[in-house]
Amino acid sequence: MMKHRDLIFLAVPLSVLVLVAVAIGLLVHQFRAFERAYVQDARETLVQDTRFVAQVISPDLAAGRLPAIQETFAFFRGKPLRFTLVAPDGKVAADSDADAGALSNHADRPEIRDVASDDDFVTRYSVTMNAWLLYHAMSLEDGWVLRASLPAEAVGAAISQARLAVLLALCAGLALALALALYLFLRVRPHFNALQASAVAVARGRLDTPIGVPADGPLRELAKAVAVMARQLRNRIDELRRERDDFDTLFNTLREPLLLVAPNGDILRSNRAAAKLFGEAVARPGFRIERTACPDLIAYVRAAFDEPTLHGREIPFDDGGTPRALLAHAVRMEREGALCVLILLTDLTDLRRLESFRSDFVANVSHEIKTPLAAILSTVETLTDIPLDDAGRRRCLDILARQARRLNDLVQDILSLAAIERRQTSGARDFHDLRLDSLAADALALVQDDAERAGVRLLADPDPLPPVTVRGDAHLLEQTLVNLLSNALRHSGSPTVTLGLKVEDGAALLSVADHGCGIAAEHLPRLFERFYRVHADRSRENGGTGLGLAIVKHVALLHHGSVDVRSTPGQGSVFTLRLPLP
Ligand code: ADP
């Protein structure tokens, strides 16, 4: 059975057939007109010739000279026109083509029987398949009838010829139509099918489908155009894909959560930061803004749909973890004809924490300064107002010196902390290769006097310390070790303090261990915060600023390392500084 797409190959032969049919119609019409005109012409000729012959034979008929009439008729012998003279009784008196005597009685011939009297003419013709007969009878005087007949072969032949021409035209048309169909079918169909299959494959998204271009033929240009179209489509899609990937990367690498919200509250798009904040479900289709469980955000999104110029708004967000402060900004945008709102959320939590941290720090510093300053002022007052003996004056000067040292230590620690933080944020490390073993020995030497005064034995583990090289700042690392060692000396009450050095998992581990009072577990998480002290008064008495461990932590971070503490109350503490090896 012929496939639907093959019908296209019938178009040309069908058009030819239609043309042939129209031509045949026209020919048939022409043929009819020709037939009518031809017969009409023959009739008129017949009538005129009959009249003429009637006139010619009229004197002979009046005189009864039948042989003379026969002679006149003889003139028409062998000619297409035939004349017959029929007597009133129907006998044939003379005939131009036949022997009159041999002819049967003509009274019953239709043209004789129906002939009208005088000048009335009756014409009749009959047509059979191959013979046309055209008669005209004219009544003469006294019941005589002159009949003329025209052999119909001439008319018939002309009409048959016309029919033959029509038949031939039909056959030729059909043959042409079939030949064209066959040509198209055999020549074009394979190319057409291949092109169609490729075009369908391209339409279905297989854009790298090769498009075969025929070397010639009617489909060549079409196939070339389809190939160009497919290539352009592929390039365009590649370009769009690249743009989309770039956009996705950009969208997802943004640290600020982004939400594109539809008017019904559906979240149409979200980035990774948003998924981190609201959970992975936010990216699933049909997730509504209401499900963020953040009433302020929901209200802000609604307001953004109502107000074209909405300002940013700070939104508290609490998902059960750390309470966060978000700054929401709305951008209204059209998407597929609908108004949508793009919400950009900036996390202000760290900023707010930093702000409160700063104000806490200022409060802490003021508090730390207040006590030594008050002591200095009152001592100065005593010195100026009260007359003191030498011993009293010396006591006052001792107080002044101690408080001034305390203030100086505080300022020094604040400045070093600020300097370390600056280096941390600027990224300018300026590190050198250094030997931790010699640095540790230096630190031990620096606190040796204090240790002796406190009656504490300083030990190295192992002794001697192994040679370990790291990249870092020697001065800061030495200060760190001194801080840890002097903490152990001042706070622990341990008879020995051990400084350890070893290499483990690609890092150098420096440890300061004591067997003193230890630190209760609840203090450990906050131990490295600024001004955090386990026993505030004792620390101050011991000359501590409360910044020693904060400095240790920041030096460790500056060196991409870490510091931790393990402690058991009553048994002692171990502070470990971990520094990555180069
Ligand atoms: P401080 O200037 O008071 O020494 P630090 O930041 O160095 O400040 O230490 C914080 C607090 O941690 C100290 O006040 C002290 O209470 C406690 N601490 C530090 N090291 C030890 C230790 N080895 N044993 C017991 N407590 C310690």
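## Terms and basis of the model

In the residue classes used here, Ala, Val, Leu, Ile, Met, Phe, Trp, Tyr, Cys and Pro count as nonpolar, Asp, Glu, Lys and Arg count as charged, and the others, Gly among them, count as polar. On that basis, the residues of the shell around the ligand divide into nine nonpolar, 10 polar and three charged.

The model is predicted, and local features need pLDDT of at least 70, side-chain atom pairs count only at pLDDT 80 or more, and totals for chains, interfaces and linings use all residues. Residues are numbered from 1 along each chain as its sequence is written, and side-chain values use heavy atoms, with hydrogens and water left out.

## The ligand and its shell

The shell around the ligand holds 22 residues, of which Asn487, His491, Ser539, Thr545 and Gly546 come nearest; a residue is counted as near if one of its heavy atoms lies within 4 Å of the molecule. Three elements, α11 (474-492), α13 (548-558) and β17 (572-580), each supply at least two residues of this shell, where helices (H or I, at least four residues) and strands (E, at least two) are DSSP runs numbered from the N terminus. The element that gives the most to the shell is α11, with five residues.

An oxygen atom of the ligand is 2.8 Å from an N or O atom in the side chain of Asn487, a nitrogen atom of the ligand is 3.0 Å from an N or O atom in the side chain of Asp514, and an oxygen atom of the ligand is 2.9 Å from a polar backbone atom of Leu549. Taken alone, the ligand exposes 530 Å², and the protein buries 97% of that; accessible areas come from the Shrake-Rupley method with a 1.4 Å probe, and for residues only the protein chains shown count as cover.

## The largest pocket

The ligand takes the space of the largest pocket, a molecule being placed in a cavity or pocket if more than half of its atoms lie within 2 Å of its grid points. On a 1 Å grid over the protein atoms alone, a pocket is an open set of points with protein on both sides within 12 Å along at least five of seven lines, whereas a cavity is a set of points where a 1.4 Å probe fits but cannot get out, and lining residues have an atom within 4 Å of a point.

The volume of the largest pocket is about 1,100 Å³, a volume being the space filled by probe spheres set on the points, which are joined across faces, edges and corners. Of the 46 residues that line the largest pocket, Asn487, Arg490, His491, Gly544 and Thr545 are the closest to its centre. Its lining draws at least two residues from each of α9, α11, α12 (536-541), α13 and β17, and α11 gives the most, with 12 residues. By class, the lining has 13 nonpolar, 19 polar and 14 charged residues.

## Enclosed cavities

A search of the whole structure finds two cavities of 30 Å³ or more. The largest cavity, with a volume of about 50 Å³, is lined by Glu368, Pro372, Arg406, Leu410, Gly544 and Thr545, and the elements that give two or more residues to this lining are α8 (349-385) and α9 (390-426).

The second largest cavity has a volume of about 40 Å³, and its lining consists of Arg187, Val188, His191, Asp216, Gly217, Pro218 and Leu219, which divide into three nonpolar, two polar and two charged residues.

## Backbone features

Most residues other than glycine have a negative phi, and most peptide bonds are trans. A cis peptide bond joins Asp461 and Pro462, with omega about -5°, and the peptide bond from Asp463 to Pro464 is cis, with omega near -5°. Pro462 lies in the loop between β12 (457-461) and β13 (469-472), and Pro464 is found in the loop between β12 and β13.

Asp142, in the loop between β4 (132-139) and β5 (145-151), has a phi near 55°, a positive value in a residue other than glycine.

Conventions:
Polar contact = N/O pair within 3.5 Å; in protein donor to acceptor, adjacent residues only side chain to side chain.
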